Amino acid sequence: MNVRLSGILLLLAVFFAREIQAAHIKQDTIVLYHNEVITGELKELQLGKLTVDTKNVGIIDIKISKVQSINTATDTFRIETVDQMLYYGVLKPAPKEGFVYIVSSRYIRLISVNHITLMTPIDKSFKNRLQGNLSIGFNYTHSSGIGQLNTSTDIYYTTKRVILNLTGSSNATIDTTSFSQDRTDVGLTGYFSWKNNNRWYWIGELDYQRNLQLAVARRYQEVLGGGRKFILTTGMQIMSMLGVSLNQELSTAGVNDVQVEIPLGFVMNFYKFSGPNMQITSKNAFYTNLSQKGRVRYEMNTTFAWELIENFDLSWTFYVSYDRKPPNPDAEKTDYGTVVSLSYKF
């Protein structure tokens, strides 16, 4: 009996030792040139920057050109490359410096680390798949001529085939006598990838807009279309989209109207990872109205963000809204403004 008990205890000891060792090993490992090793949880790789949550020093950012190899422990990643291919798997070190293997149950691919443009985990919980920023600041707008309070958000949620992007911004005028919600934009966009080719994608979009300067009390907008990434590097992404839009518009005069438009859009992301870190995001959309002859709209939002300290950016945004034929003929055709804000990234 004592021999059997000793054997059972020995087996349990070996089992728990292996479990403890496995728990210790279940960390992502990043090897830099000159053999510096960083271990932790790989959060994402985007626009030339690798973000790692380390146990000792917290979240750190690493320039991808400094990475020699990557070994991910357990999570499956959604991986986009400069040749606009889409893969799902884990990363394992390759014999050649600066290269890794993308390993899945169906294939093994050898790729340069510098050719990975975007990598996000898809095995995480809902909370851990969220990325984005929250901003608050003051700005000057043409519509009011006075200072305004501005709040905005830009949040991404990633799955195997779909990326959801929730954006929102609001400009409110506050004085001693009144509060006015002058301009509001809220949008939810879904990007649906075509199989393993990351060059083409479907787009679905739901928007809510309010712009008193252009006599729009409320506009609901539903968009279906397709898009293409035509420039994709480790530091820059430019993509376009074309589709059809259905609008339900209420003017400040109380007139309801339903319209069909053809939207043509462009989005540019640029990242510079050197003293100081800077990111430029520019979204542009042209709308040709099929229900109202001669009506053309244009929306532009460009943000320059400088990293102050970890997770905090100082950003400057310039926006323009143009409507050749606004709902009220006496309304302004153009609204523009600037925003200086402090952003928190998560």
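Buried, as used here, means under 20% relative accessible area, with exposed being over 50% and partly exposed in between (1.4 Å probe, protein chains only).

The structure is a predicted model, where local features need pLDDT of at least 70 and side-chain atom pairs count only at pLDDT 80 or more, while totals for chains, interfaces and linings use all residues. Residues are numbered from 1 along each chain as its sequence is written, and side-chain values use heavy atoms, leaving out hydrogens and water.

**The chain overall**

The protein chain has 346 residues, and 44% of them are buried. Its secondary structure comes to 2 helices and 22 strands; both kinds are DSSP runs numbered from the N terminus (helices H or I, at least four residues; strands E, at least two). Of the contacts (heavy atoms within 4.5 Å) with a separation of 6 or more, 49% are between residues 24 or more positions apart.

**Salt bridges**

A salt bridge here is a side-chain nitrogen of Lys or Arg within 4 Å of a carboxyl oxygen of Asp or Glu. The count comes to 13, including these:

| Pair | Closest N and O atoms |
|---|---|
| Arg-295 and Asp-323 | 2.6 Å |
| Glu-307 and Lys-345 | 3.3 Å |
| Asp-313 and Lys-345 | 3.7 Å |

Arg-295 sits in the loop between strand S19 (278-289) and S20, and Asp-323 is in strand S21, so this pair ties together parts 28 residues apart in sequence. Glu-307 in strand S20 and Lys-345 in strand S22 are 38 residues apart. Glu-307 counts as partly exposed, at 21% relative accessibility. Asp-313, in strand S21, is 32 residues from Lys-345, and Asp-313 is buried at 10% relative accessible area. There's also a network: salt bridges with shared partners join Arg-183, Asp-185, Glu-261, Arg-297, Glu-299 and Asp-335.

**A nonpolar patch**

Which strands each supply at least two residues of the nonpolar patch? They are S20 (296-309), S21 (312-323) and S22 (334-345). The patch covers about 970 Å² of surface, and its members include Leu-134, Trp-306, Phe-312, Trp-316 and Tyr-344. Patches take residues with over 30% relative accessible area and no salt bridge, joining like charges within 9 Å and nonpolar side chains (Val, Leu, Ile, Met, Phe, Trp, Tyr) within 5 Å. Trp-306 belongs to strand S20 and is partly exposed, with a relative accessible area of 31%.

How values were computed. Areas by Shrake-Rupley, 256 points an atom, 1.4 Å probe, with all protein chains shown as cover.
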